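This report covers one protein chain, shown below with its sequence.

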Amino acid sequence: MTDNPHRHTFYRFEVIRHTLHEPGQIMNHPADISAQFNFLYSYDREHMVRLDMNGAHETIGYETVSIGTDNMTVVSPKEIFRGALLTGANCIALVHNHPSGQTKPSQEDIAIAKQLKQAGDLLSIPVLDFIIISRNSDFYSFVENSML
């Protein structure tokens, strides 16, 4: 038996949707988002979380999209927006921690925030903010600091 040169492999994916049992929290301000993800400050490695929201800025889900080292994490637009597309997010916010305790964005933070904003604009899934969480409920909002 020989292999058929016209044989094709097909792939299928399924979306599993979980419904929240209570209405999603409205996230209209960076402080709201920071409070929701304040627990990130306690991690000893950087975690990047994508917060998915509907058109009313109600939370429809979130996903940890990357876990890195004590001073960096690797993210790509493809990994960030894959889940947002699957959940039907109208907009997203990105949150990550700095285990060092500093909220000042690194050059890498600035570069990836700009890249993700551009990708979100192309996909019609705007990035509402890029927030860095640190100790003592301290946070840095790219929007509040006119960086996004």
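## Two sides of helix α2

In this predicted model, K78 and L85 are exposed and sit on the face of α2 that is turned away from its buried side. The buried residues of the helix are I80, F81, G83 and A84. Viewed down the axis of α2, the buried residues fall within an arc of 155°, so they line one face of the helix. An α-helix has 3.6 residues a turn, so residues three or four places apart point the same way.

The cover over the buried residues of α2 includes β1, β2, β3, α3 and β4. Just after the helix, G88 adopts a positive phi of about 75°.

## The sheet

Five strands make up an open sheet with mixed pairing, in the order β2-β1-β3-β4-β5. The edges are held by β2 (59–67) and β5 (139–141); each has a single partner strand, so one side of each is left without a neighbour in the sheet. On average, neighbouring strands are turned by 20° against each other, direction ignored.

Strand β1 (residues 47–53) runs antiparallel to β3 (residues 91–97), and six bridges join the two. M48 has H96 as its bridge partner in β3. Between β1 and β2 the pairing is also antiparallel, over seven bridges, and here M48 stands opposite S66 in β2.

## Helices on the sheet

Helix α2 (residues 77–87) packs on the sheet and touches β1, β2, β3 and β4 (127–133), its direction making about 25° with that of β1. Helix α3 (residues 107–123) also packs on the sheet, where it touches β3 and β4; the angle between its direction and that of β4 is about 160°.

## The β1–β2 hairpin

Five residues lie between the strands of the hairpin of β1 and β2, and H57 has a positive phi near 65°. A56 is located in the loop between these strands. With 46% relative accessibility, A56 counts as partly exposed.

The R50 side chain makes a polar contact with the side chain of D52 at 2.5 Å. A polar atom of the R50 side chain also lies 3.1 Å from the backbone oxygen of I80. Leaving out residues up to four places away in sequence, R50 touches residues including G61, Y62, E79, I80, G83, A84 and I92.

## Nonpolar cores

The largest nonpolar core has 20 residues, of which I80, F81, I92, L94 and F130 touch the most other members. Two or more residues of this core come from each of α2, β3, α3 and β4. The largest share, five residues, is that of α3.

I92 is in contact with residues from several parts of the sequence. Beyond its neighbours within four places, its contacts include R50, L51, I80, F81, A84, I125, V127 and L128.

How values were computed: Residues numbered from 1 in each chain as written. Predicted model: local features only at pLDDT ≥ 70, side-chain atom pairs only at ≥ 80, totals over all residues. Heavy atoms only, no water. Pairing = 2+ DSSP bridges. Helix = DSSP H or I, 4+ residues; strand = E, 2+ residues; numbered from the N terminus. Axes fitted to C-alpha atoms, helices over the stretch in contact; angles between N-to-C directions. Contact = heavy atoms within 4.5 Å. Core = buried A, V, L, I, M, F, W, Y, C linked by side-chain atoms within 4.5 Å. Buried < 20%, exposed > 50% of the residue type's maximum accessible area, 1.4 Å probe, protein only. Polar contact = N/O pair within 3.5 Å; in protein donor to acceptor, adjacent residues only side chain to side chain. Arc of directions from axis to C-beta.
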